[in-house]
Amino acid sequence: MGTMGLALPWKTRITSALREPAALGRWETRVGPSEHLTSGPAQAGAEPASEDAALAAACRAGDLRAYERLYMLHGARMKNLARNVLGRTVDAEDAVQETFLKVQRSIASFRGQSSFVTWTYRILINTCYDARRSRLRKKEVTTDDDAEETPRMEPRAPGAHPSLRMALERALERLTRHQRDVFLLYEVEGFRHAEIAGMLEISEAASKNTLFQAKKNLRGMLEPPRSRAGELR
Amino acid sequence: MKVTCKDRERIFEDGTAAEWAALEAHAAACATCAEEIRAWNSLSVAAKALRDDSPSPELWSRIERALIEQDARKARRTEVKRWFSFFPNVSLGWQTALAAAFVLILTASVTWIIRERPYHPGKQDPLLKSAALKEVESAEGAYEKAIDKLAAEAKPQLDTPATPLLASYHEKLLVLDSAIADLRAQAGLNPSNAQLRYQLLAMYQEKQRTLEEVLEAGK
């Protein structure tokens, strides 16, 4: 007892920092075992199929209001996801803008094999990694000393607990790309495994397994050494 | 449903709601599992720290402007494509194939024409014999006759040169006549060669000047 705890006393430190933006209704709370006892993971990214199809059709027709609606529904979450991948708000905003432009350019090729929103997030994730690669190339041109690309996280809004967040951010950077993506999409952004599978073009089972591995690795990184020794028994 | 500590990780990975409930019930009597569940779920709680709801008030207007600009660029490109499209109902792939076929046919035709054109040395393409060429030949003939008259006038002085100067003129005229004969032979083979015509004219002019000098010297 006590030996399996994480390095940070989560329960005591995060309660005040993690107020959901309830007024905005953007994210749903999906924390603790109780979620598994009720209805499983919240369907934060789920939209009625008809609305998704209507949104896609309106975007295909070039209706700017449809793009605005897409932004209103997902802009904040898109920016947050991009920020967690890229590290800086300004880069995240650029990635979101580029994603909207790519959606506009490619909407004619959208065949509805996945949901429109899922397709949009897939574009966003690819855009973020393109930006990361591009930044890495630029970095390599300027200096050969630091070839490892690690996004420098800039300070966030005052609400988030700094030490907790920074520890987690550092640990996330040590995960594989897929593990990081799945963790961010599931645990931070609240998507379901089915949606994540569509975004990352993997199976739902692979998404579940990747999340499991990601959380196991994160625990290993965040736990104090003494508790790791205890776990080996 | 009864679960044990061994089931814990499997439930963490892909447990149903019923299995989670059973695991929690088991954890009530198992301190290890209780701590594992708490630590596992604390990661989910901690993940919420990565949410940042700070607003970006200018972002939508920026995106909107970019979308409008991109749309305008696309419209301009479509307009240009429409203007340059010779086959508006044919796909781009077919248009490319047709263009390639056209270039191939053109190249083959030109190659065939060059290879198959009959070559007759000394005989020019009749198309090159224009009315202008006939006019030049006619003027040349008249000019030649006029110079012949001049030569006939100077002939007595040249046949019996009274001075060394006239003897030199005589020799010069013999050289000029020889050169004129050569050039006329070449022009006969290649009547449309303007360069030969210019050289012939220059020789005639030189002969004319020489004859005038001979006549002047004889006065």
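**A working chat on chains A and B**

Mentor: A:E201 sits in the loop between α9 (193-200) and α10 (204-222) of chain A. Please keep in mind that this is a predicted model.

Trainee: What is the phi of A:E201 like?

Mentor: The phi of A:E201 is positive, at about 55°, although the residue is not a glycine.

Trainee: Is A:E201 buried or exposed?

Mentor: A:E201 counts as exposed, because it has 9 C-beta neighbours inside 10 Å. The cut-off for an exposed residue is 12 or fewer.

Trainee: And where is A:N126?

Mentor: A:N126 belongs to helix α6 of chain A. It has 14 C-beta neighbours inside 10 Å and therefore counts as partly exposed.

Trainee: How far apart are A:N126 and A:L200?

Mentor: In sequence, 74 residues separate A:N126 from A:L200, while their C-alpha atoms are 9.3 Å apart in space.

Trainee: Staying with α6 of chain A, at what angle do α4 and α6 pack?

Mentor: Helix α4 (residues 64-86) and helix α6 (residues 116-142) of chain A pack at an angle of about 30°, and their axes are 10 Å apart. Angles under 35 degrees count as roughly parallel, so α4(A) and α6(A) are roughly parallel to each other.

Trainee: Is that crossing left-handed or right-handed?

Mentor: The crossing of α4(A) and α6(A) is right-handed.

Trainee: Which residues make the contact?

Mentor: From α4(A), the contact involves A:L70, A:H74, A:M78, A:L81, A:A82, A:V85 and A:L86. From α6(A), it involves A:V117, A:T120, A:L124, A:C128, A:A131 and A:R132.

Trainee: How many of the residues in that contact are nonpolar, polar and charged?

Mentor: The contact of α4(A) with α6(A) has 10 nonpolar residues, two polar and one charged.

Trainee: Changing topic to chain B: how many helices and strands does it have?

Mentor: Chain B has eight helices and zero strands. From the N terminus on, its elements therefore read simply as α-α-α-α-α-α-α-α.

Trainee: What share of chain B is buried?

Mentor: Of the 219 residues in chain B, 16% are buried.

Trainee: And what about its contacts between residues 24 or more positions apart?

Mentor: Such pairs account for 51% of the contacts in chain B with a separation of 6 or more.

Trainee: What span does helix α5 of chain B reach?

Mentor: Helix α5 (residues 92-116) of chain B has 25 residues and reaches 36 Å from its first C-alpha to its last. That is close to the 36 Å expected at 1.5 Å a residue.

Trainee: How many residues of α5(B) are buried?

Mentor: The count is zero among its 25 residues, and α5(B) is hardly covered.

Key: Residues numbered from 1 in each chain as written. Chains lettered and ligands numbered in written order. Predicted model: local features only at pLDDT ≥ 70, side-chain atom pairs only at ≥ 80, totals over all residues. Helix = DSSP H or I, 4+ residues; strand = E, 2+ residues; numbered from the N terminus. Expected span 1.5 Å × (residues − 1). Buried ≥ 20, exposed ≤ 12 C-beta atoms within 10 Å, placed from the backbone. Axes fitted to C-alpha atoms, helices over the stretch in contact; angles between N-to-C directions. Parallel < 35°, antiparallel > 145°, perpendicular 65-115°, else oblique. Left-handed = near helix turned anticlockwise from the far one by under 90°. Contact = placed C-beta atoms within 7 Å. Nonpolar A, V, L, I, M, F, W, Y, C, P; charged D, E, K, R; others polar.
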